[in-house]
Amino acid sequence: MGKIIEVVNVSKYFGGLPAVNNVSFDVEEREILGLIGPNGAGKTTLFNLIAGYHTLTHGKVLFQGKLISHLRPNKICDMGVARTFQVVKPFGEMTVEENVMVGAFNLYSDINTVRTKAQEVIERLDLTSERQQPAKSLTIADRKKLELARALATEPKVLMLDEVMAGLRPNEVDAFLNIIRELQASGITIIVVEHIMRAIMSICERLIVLDHGEKIAEGNPQEVTNNPAVIKSYLGKEYQADA
Amino acid sequence: MKQLMKNTFNNWAKVLIAGLLLAVALALGIPSLMGNQFILNMVIMILLFAALSSSWNIIGGMAGQLSLGHSSFFGIGAYAVVLMNIKLGVSPWLGLVGGVVLAVIASLIIGFPCFRLRGPFFTLSTVAVGEVMRYMAINLTGLTYGSVGVSVPMEFSFSNLLFREKWVYLIIVVIFLGIVLFSVDRIKKSKLGYYLVAIREDQDAAASLGIDATKAKLTSLAISAAFTSLGGSIYAQYLLYIDPSSVFSADISRQMVVMAVVGGLGTKWGPLLGALLLVPLDQFIRAFFGGKVHGLNLIIYAVILILVILTIPQGIWPTIESWFKKIDRKALSKLPKNQAQKPGSEVR
């Protein structure tokens with residue numbers, strides 16, 4: 001297994017404010033990497049930098065050894081890096097199936113192939129009964145699933161999930177965790193941003209902790225959650241007491 | 001369930017289309033019986049504007065990029081066919097092609113800088129370009145004969161795309177409308193169609209799925225411009241006289257937009273419905289009120305528009321569509337439940 005994504009000394013300044021400051025890390029092929037940290041730590045900004053939504057102030061991002069920073073978001077998706085949005089962005093007027101079809105059109109042009117591919121993804125994520133509903137009529141849990149389904153339909157090598165489980169009920173979270181494990185088993189590398197520690201601890205093999213735009217810790221979940229700096233800035237003393 | 005809904009709806013659509021064809025056939029029949037040039041002319045204008053509005057709909061409705069300057073492409077088509085004929089002796093059939101090429105080039109020049117930006121830049125540019133084109137047509141007198149306008153040389157023949165009998169133009173516009181609607185249908189069922197709706201709904205999400213928004217918008221604008229130019233050429237060959245204030249007028253742009261908005265933005269049949277309602281309405285209120293108080297016809301037209309937009313903002317066609325769906329749902333609720341909910345029956 002090699003490195004699939006390399007983030008090298010990446011910084012992003014909004015005006016004079018460093019949102020992400022000199023962050024470096026690698027993502028190994030087929031791993032599930034968790035990105036945690038308090039609100040405003042720069043997790044989503046880091047996602048936006050990797051996916052091409054922001055231009056880097058410093059540093060570079062490599063995907064399979066190729067420079068992808070400075071590419072447009074759609075080109076990065078074409079290369080095999082898909083993402084979801086923290087604030088879900090369904091195509092409201094389209095049905096669930098059509099939403100997913102838009103993703104599948106990335107690789108296929110024939111509409112029947114695209115419909116078949118979309119149906120496969122829809123079944124995989126258990127959205128079959130909502131297939132013909134307009135996306136705007138979905139519940140928040142289903143919208144998050146749709147967000148994932150659409151990204152998945154582009155058949156990515158790397159999937160970046162930005163708080164897909166936030167606001168879900170515990171059983172819905174469990175369903176999501178199973179899906180994510182299955183995706184990993186099918187060979188997809190996954191980066192998750194999440195605040196639900198139970199979810200993070202159960203699926204991630206490695207964690208990276210951001211605080212004020214800087215990487216403050218990296219390692220396996222046990223190491224990281226026992227790290228005093230992480231407890232101080234993010235988890236809080238109670239977490240240590242619970243564990 | 002979906003299957004059933006679709007079938008019933010498609011049947012209704014067929015009834016509607018059949019009704020339309022009947023109306024056209026009547027319009028064909030009546031003038032030949034009574035020599036009613038007024039109605040024949042109105043039907044030609046309805047169908048021509050339906051086609052133009054459908055062309056506009058490809059970029060304005062499907063892609064959601066509001067163009068208020070489609071008269072540019074219309075005028076290019078009109079002037080290209082006439083001027084190439086007069087100045088270069090090129091057959092109008094080739095002139096059609098020339099107009100399309102010029103309109104596509106113009107569309108790329110407008111679209112390329114604008115579509116890389118978000119916000120109202122495209123709309124503002126189209127307004128500006130529309131006006132600039134009109135002034136150019138007025139002032140480049142060496143090329144366009146200025147505001148005097150140009151007449152099409154009256155040599156009636158098939159190769160000159162010029163016909164003494166007006167009903168031939170009816171056939172031409174029916175074919176033209178057919179081609180435009182067929183293309184719209186194909187686009188809606190293609191990658192481009194899905195991409196355009198995705199871009200209209202959320203451009204960031206579209207980009208995250210690998211959609212090159214600039215390219216998709218440019219393509220749809222080019223297609224839209226090409227068809228609009230063809231419409232302009234047909235208009236010129238039909239009216240036999242063009243001048244800057246008629247073919248490059250903001251009024252032409254306005255009509256294309258309004259018909260699509262009233263009929264249903266981004267829908268296949270909306271612009272046709274819009275044209276069916278608005279062209280006769282326009283002529284009617286112009287005939288009845290235009291002479292009495294200056295500008296009253298415009299006021300009445302505007303009031304009717306405002307009423308439509310206030311009551312059915314999504315347009316007439318989507319409203320009818322939702323009625324039919326309600327009827328279908330009622331019909332469905334009478335079916336035994338297990339039959340209506342069998343998932344396998346949904347697969348198309």
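Trainee: Which residue of strand 7 is the bridge partner of Arg83(A)?
Mentor: Met160(A) in strand 7 of chain A is that partner. Before we go on, note that this is a predicted model, where local features need pLDDT of at least 70 and side-chain atom pairs count only at pLDDT 80 or more, while totals for chains, interfaces and linings use all residues. Residues are numbered from 1 along each chain as its sequence is written, and chains are lettered from A and ligands numbered from 1 in the order in which they are written.

Trainee: What is the strand order of the open sheet of 6 strands?
Mentor: The order is 6-7-8-3-9-10 in chain A, with mixed pairing; two strands pair if DSSP finds at least two bridges between them. Strand 6 (81-83) and strand 10 (214-219) of chain A are the edge strands, each pairing on one side only.

Trainee: Which strands does helix 1 of chain A lie across?
Mentor: Helix 1 (residues 43-51) lies across strand 3 (32-36), strand 6, strand 7, strand 8 (189-193) and strand 9 (206-211) of chain A. Relative to strand 7 of chain A, helix 1 runs at about 150°. Axes are lines fitted to C-alpha atoms, for helices over the stretch in contact, and angles run from 0 to 180 degrees between N-to-C directions. Two residues are in contact if their C-beta atoms, placed from the backbone, lie within 7 Å.

Trainee: And the other sheet: is its pairing parallel or antiparallel?
Mentor: Antiparallel, in an open sheet of 4 strands with the order 2-1-4-5 in chain A. Within that sheet, strand 4 (residues 58-63) is joined to strand 5 by 2 bridges, and Leu62(A) has Leu67(A) as its bridge partner in strand 5.

Trainee: Changing topic, at what angle do helix 7 and helix 10 of chain B pack?
Mentor: Helix 7 (residues 167-188) and helix 10 (residues 213-239) of chain B pack at about 175°, with their axes 11 Å apart. That makes helix 7 of chain B roughly antiparallel to helix 10 of chain B, the term for angles over 145 degrees.

Trainee: Which residues meet there?
Mentor: Among them, Phe176(B) and Val180(B) in helix 7 and Phe227(B) and Leu230(B) in helix 10.

How values were computed: Angles under 35 degrees count as roughly parallel, over 145 as roughly antiparallel, 65 to 115 as roughly perpendicular and the rest as oblique.
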